[in-house]
Amino acid sequence: MKMTKTLTAIALGAAILTGAGAAQASGSGPKAPSKDWSFNGIFGTYDRAALQRGFQVFRNVCASCHSLDLIAFRNLEALGYSEDEVKAIAANYEVQDGPNEEGDMFTRPATPADRWPAPFPNAKAAAASNGGAAPPDLSLIAKARGSGGDSAIRVSMLQPSGFPLGADYLHALLTGYEETAPADFALPEGKYYNHYFPGHAISMAPPLYEDAVEYEDGTKATTDQLASDVSTFLAWASEPELEHRKNLGIKVILFLIVLTAMLYALKRRIWSDLH
Amino acid sequence: MSGTSNFQSNSRVVNWIEHRLPVFSFLDSQLHQYPTPKNLNYFWNFGSLAGIVLVIMIVSGITLAMHYTPHVDMAFGSVERIMRDVNSGWLIRYIHMNGASMFFIVVYIHIFRGMYYGSYKAPREILWMIGIFILLAMMATAFMGYVLPWGQMSFWGATVITNLFSAIPLVGEWIVQLLWGGFVVDNPTLNRFFSLHYLLPFVIVGLVFLHLWALHMHHSNNPTGVEIKDEKQDTIPFHPYYTIKDLYGLGIMLIFFAFFIFFAPNYFGHPDNYIMANSLVTPPHIVPEWYFLPFYAILRAFTSDYWVYQVMSLGGWLMTAKLAGVIAMFASILVLLFLPWLDRSRVRSSKYRPMNRFFFWVFVLDCIILGWVGGQAPEGALVLIGQISTFWYFFHIIIIVPLISVLERPKPLPDSIAASVTQAAE
């Protein structure tokens, strides 16, 4: 018993120690503020309306420079669209196919089975059109810039001060542009000053402004609203399994708790003839 | 193996098999009747937990291998295909990913338990040494497994760690090229790591078998460290007493494990590993997986002005600081092989060794500090803290352990396991 207590004390001490020793890796920006996302916590789910609005922002703004390679049109059904709506969305886009029987490549309207078409044929072309910096693919951006789209606990073993939640970082980045860089900051030519970008000098021009998109559902498109919605959409793109995972997790853990309680009772009973 | 079996069966089939291959009496004597000290506490659960996690890793790993493509252009995409398109693929991958961390958590507790209760002492030295080899094999497996998703940390972790071997004089360059299968970390590296990552777990299974064989020769140690004197008084049959106790412990561990799988699946990982490997972009801060951090801290402690290095290299003449760091990193594990002979105390359990108990906990704290330092950028006071903790790690094992084993006056031991249990009950 005493041993267990000592061990717990040590573990707690270690946790406090790592938490207190918050040293940001050099070159990273300030930590993004935490927002109250619909998909936070163990019962969290994606807000379908926000997903659809976020998809609209992605389609109208982000998609002109960024690819979304890992998402197929069929995946959009998860945003709450019907099969027919997905077919209609896909039909608006052209994808390359082939070779046909004559050996030629051709373009055709996309079907639900196709992946989201990239705006540039390759990374070199993307870089050439964007001042030398290729816009990153957005399929995993929420996971690659934070502690996963959603982790119930926001700390990380490898970054004791905690990686920001992916969506928090994206929202902060998209709303974190400043018109003028601080006087002591040497902003390179063709870069923009962003409060949350590591190193502050970002190649992406401020992509969002008020009414950049006219929402289909009539929601007022403030910059903050646009950023929140597209961050939700990108969190989903990174972790489409999130709702299923959390839902299954609750069942698995409840099952395990009951099972373990029963095993404990059985253990007490089997051992009772020894004492 | 010791232990007799009075196994009998009425089944003709069982008896037919038993006569030709005595598998039933073997299982009966080793798993059923197997005499186990009656006073084991819950720290003795971690051995069987490690065995179960190994099985979970092998089953989930074989399933992942059915869908994974070990090619630099396709590896990253194939992992994401598992996450998105394979039925329950995300679940299998998150089990495997977090299972690696569970394996190390369980095994580190298992090793510390062995150190606290002196389980490495005669006649269990070989049992202990096989355990250290299992740890080494686990580390190699985990390191190569982390490379397979071919993310940024996979690639740069592989680059940094394989480069360490270049510090070895004469053969270093050759070893590095052998590991890489070329002159940089590339497709041949990924292919051979995949092949070895599939092979090594089965080597671990073999080592685990030897570990159990050695264990069953002299049976489990116990919290008093007093040997079994009277089987009737001191022991109970493994089944049902320890099967149910192990199952209960397994339930607790699975709850802990499931929490990470379902609610914080990327807690132990690094976000950069969700960016595909790019040899042209170096991440600002390359860190290995958490279970390597103490060893990474030891490696990095060896700067050219570190006095331990100055002594080791005879003032910088004998070797470079990099080589000294590499040697220290491997030595930090290999030195554990000598623990049974460094500790000269005739008493096993730290329960009766107050000085050893105190220094044991200091050592645990030292390992935690090393892990913490290993995860930070090596700047300012952290360098010094890392160097002091590194010194203490070796000083503890090589100097303190032998010294207190001679100086210390242990408390009186109970006459037997049975006597200690009755004393506790009173």
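Predicted model: local features only at pLDDT ≥ 70, side-chain atom pairs only at ≥ 80, totals over all residues.
The account begins with helix 14 of chain B, which covers residues 321-334. At 1.5 Å a residue, its 14 residues should span 20 Å, and the end C-alpha atoms are 19 Å apart, which agrees with that expectation. The buried residues of this helix are B:Leu323, B:Ala324, B:Gly325, B:Val326, B:Ala328, B:Met329 and B:Ser332. In an α-helix there are 3.6 residues a turn, so residues three or four places apart point the same way.

Most peptide bonds are trans, and most residues other than glycine have a negative phi. In chain A, the bond from A:Gly98 to A:Pro99 is cis, with omega near 0°. A:Pro99 is placed in the loop between strand 1 (94-97) and strand 2 (106-109) of chain A. In chain B, B:His239 and B:Pro240 are likewise joined by a cis peptide bond, with omega about 10°; B:Pro240 belongs to helix 11, residues 238-263.

Positive phi values occur at two further sites. A:Asp211, which is not a glycine, has a phi of about 60° and lies in the loop between strand 4 (201-202) and helix 7 (223-238) of chain A. Because a residue is exposed if 12 or fewer other C-beta atoms lie within 10 Å of its own, A:Asp211, with 11, is exposed. B:Leu170 has a phi near 65° and is found in the loop between helix 7 and helix 8 (172-180) of chain B. With 7 C-beta neighbours inside 10 Å, B:Leu170 therefore counts as exposed.

Conventions: Residues numbered from 1 in each chain as written. Chains lettered and ligands numbered in written order. Helix = DSSP H or I, 4+ residues; strand = E, 2+ residues; numbered from the N terminus. Expected span 1.5 Å × (residues − 1). Buried ≥ 20, exposed ≤ 12 C-beta atoms within 10 Å, placed from the backbone.
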